[in-house]
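Biologist: Hi! Could you walk me through this one?
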Amino acid sequence: MCGIVGYVGSRSALDLLVPGLERLEYRGYDSAGVALAEPEGIRIVRKAGRIADLERVLQGEPMPAATVGMGHTRWATHGAPTTSNAHPHRDCTGRVAVVHNGIIENWAELKAELVGNGHVFASDTDTEVVAHLVEELADLPLEEAVRQVMRRAEGALALVVIRADEPDVVVGARRGSPLVVGLGEGENFLASDIPAFLAYTRRMAVLEDDRVVRLDADTATITDLDGNPVAVQERHVEWDLEAAEKGGYPTFMLKEIYEQPQAIADTLRGRFDQAGRVRLRELELSDDVLRAVDKVFVVACGTSYHAAMMAKYAIERWTRLPTEIDIASEFRYRDPVLDDRTLVIGISQSGETADTLAAIRYAKAQGSVVVGVSNVVDSSLAREADAVLYTRAGPEIGVAATKTFTTQLVALQLFGLHLARARGSLDDGAIELLTSGIRALPDQVRRVLELDGEIAEMASRWAGTRDFFFLGRSGDFPVAMEGALKLKEIAYVRAEGYPAGEMKHGPIALIEPGVVVVGVATDSHVRQKTFANMEEMRARGGEIFMVVEEGDEAARKVADHAIAVPAAPDLVCTVTAVVPLQLLAYHIATERGFDVDKPRNLAKTVTVE
Ligand code: M6R
């Protein structure tokens, strides 16, 4: 996720671009940059860091008074968050500049071809290929050149392109990543999101996938990729600026819950080969290294630890490698037995959690192979691990992890299959079943989000409830743990996550009327056993809420209330099963009047022991 903005009109472009970027900083803050178009050439200023860092550089630079330009605030997905990787990117001549939000899946092939044609690249990004491709099409109008680029590039692209030869024009294009057009009087805008131009106009149009828009000061023309005109569907924005920054959602947390289908699609993007098999080329760990491993440890904290719990089940089931999991603050002091045949996976959305970093440093010192799973490109975890798998959820502003958790689950499932393929531990049929289940997740999560109204009703019933248990077995256990953590941290309610089968060994003494017991039963291995455990809770007066798979009629018999998520292979289903629990916690917290984005006593990233 990145923020992009373009402007064409009669005012100083720079004076509009920088505030526009500030409004989009929630989309990324690894680096920022602007480009201004003039007939003599394009002036680009970029800087690693936040927009404030860019502004400091701009203050010291004589900038042209251009009325056409574009800007970018980056959330790195490809290449470290350095100034040289900051957008805008230019072609070899310096007469074309590009900003991009998304991931170009076939960038390596395109780059190889362009290098073969003599182009010289100045960054490690996928985006730069667009600038050089447009350079090759210098004879065509910019709009047509961008259409051709869109036909060649695969993956997600929201692009804004300017060219010195057409200094009064801005061209945008979209596939997969958002891009909206702001329609002003004698000026027009392009942006990833409405807040970037809301101070100047409330008239806008959403650019649909595979559409190209050409803007000059007075007109906005939209075409499909064959150049056929498409009508501009104008809308009027009713939101105020604050609501617009949250995409119209009341909180960042809810927005991030709703971003999950897109975030998961981004996690999956480019991670399959032509035959549809998982290929994690970016891992840079040879199959020989993966085959030599004889034991796995997964270490993490908080929500990331719950992803580690799922990873243990997946890795053990799919690869038959013995897998241990540890809370990072425990691992570092318990003297675990590691050697150079041990694979240690550190999971941290921020990549900066002190305990997780200490754990992977310990593992490296023992000679183990360390893989990091991080949402932040070039985080300390990413830099220190031997290999890294990014979750690509985009920045998460709400303190409670939601989209970063589901994308961790997906990334770890992909890693499990990658390992299984390298070690030959799963047959083709099983791999295919799991892969197609994982690929269906964005749509399935979208369907679960449609149940929000139903979940909100249950939440209002339980807004005053003081005691919750969240129970599950096998892959449903980490989901239950995560549901309990969400409720604790944002609604300040005592909620215990527990293995369903273990309740009878003590905690069942706490079950009485007034206690709500949330059961998760999606894993076919153990579903019937979980039902039996839930019967035990009901017999003691607990009110039973179950998350089950669609079509599971048996669940209805034990549950006072049930939410059904789409059926998926075991463990893959953790991704959909957790979404109702995120929403439940969210609605209980808001019913109770709490600020879910900034829960008390918590920090988004814990960089102390
Ligand atoms: O950045 P990390 O994933 O390493 O963070 C780990 C935990 O601090 C984090 O998951 C925390 O538990 C969240 N508040 C959960 O919502």
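Modeller: Happy to! Helices (H or I, at least four residues) and strands (E, at least two) are DSSP runs, numbered from the N terminus. The model is predicted, so local features need pLDDT of at least 70 and side-chain atom pairs pLDDT 80 or more, while totals for chains, interfaces and linings use all residues. Residues are numbered from 1 along each chain as its sequence is written, and side-chain values use heavy atoms, leaving out hydrogens and water.

Biologist: Thanks! Where does Glu 384 lie?
Modeller: Glu 384 is part of helix 13.

Biologist: What is Glu 384 in contact with, beyond its neighbours within four places in sequence?
Modeller: Ile 360, Arg 361 and Lys 364. Contact means heavy atoms within 4.5 Å.

Biologist: Which residues of helix 12 are buried?
Modeller: Helix 12 spans residues 354-365, and its buried residues include Asp 355, Leu 357 and Ile 360. Among the elements covering them are strand 16 (295-300) and helix 13 (380-384).

Biologist: What follows helix 12?
Modeller: Gly 367, with a positive phi near 90°.

Biologist: New topic: at what angle do helix 16 and helix 21 pack?
Modeller: About 30°, with axes 9 Å apart. Axes are lines fitted to C-alpha atoms, for helices over the stretch in contact, and angles run from 0 to 180 degrees between N-to-C directions. That makes helix 16 roughly parallel to helix 21, a term for angles under 35 degrees.

Notes
Parallel < 35°, antiparallel > 145°, perpendicular 65-115°, else oblique. Expected span 1.5 Å × (residues − 1). Buried < 20%, exposed > 50% of the residue type's maximum accessible area, 1.4 Å probe, protein only.
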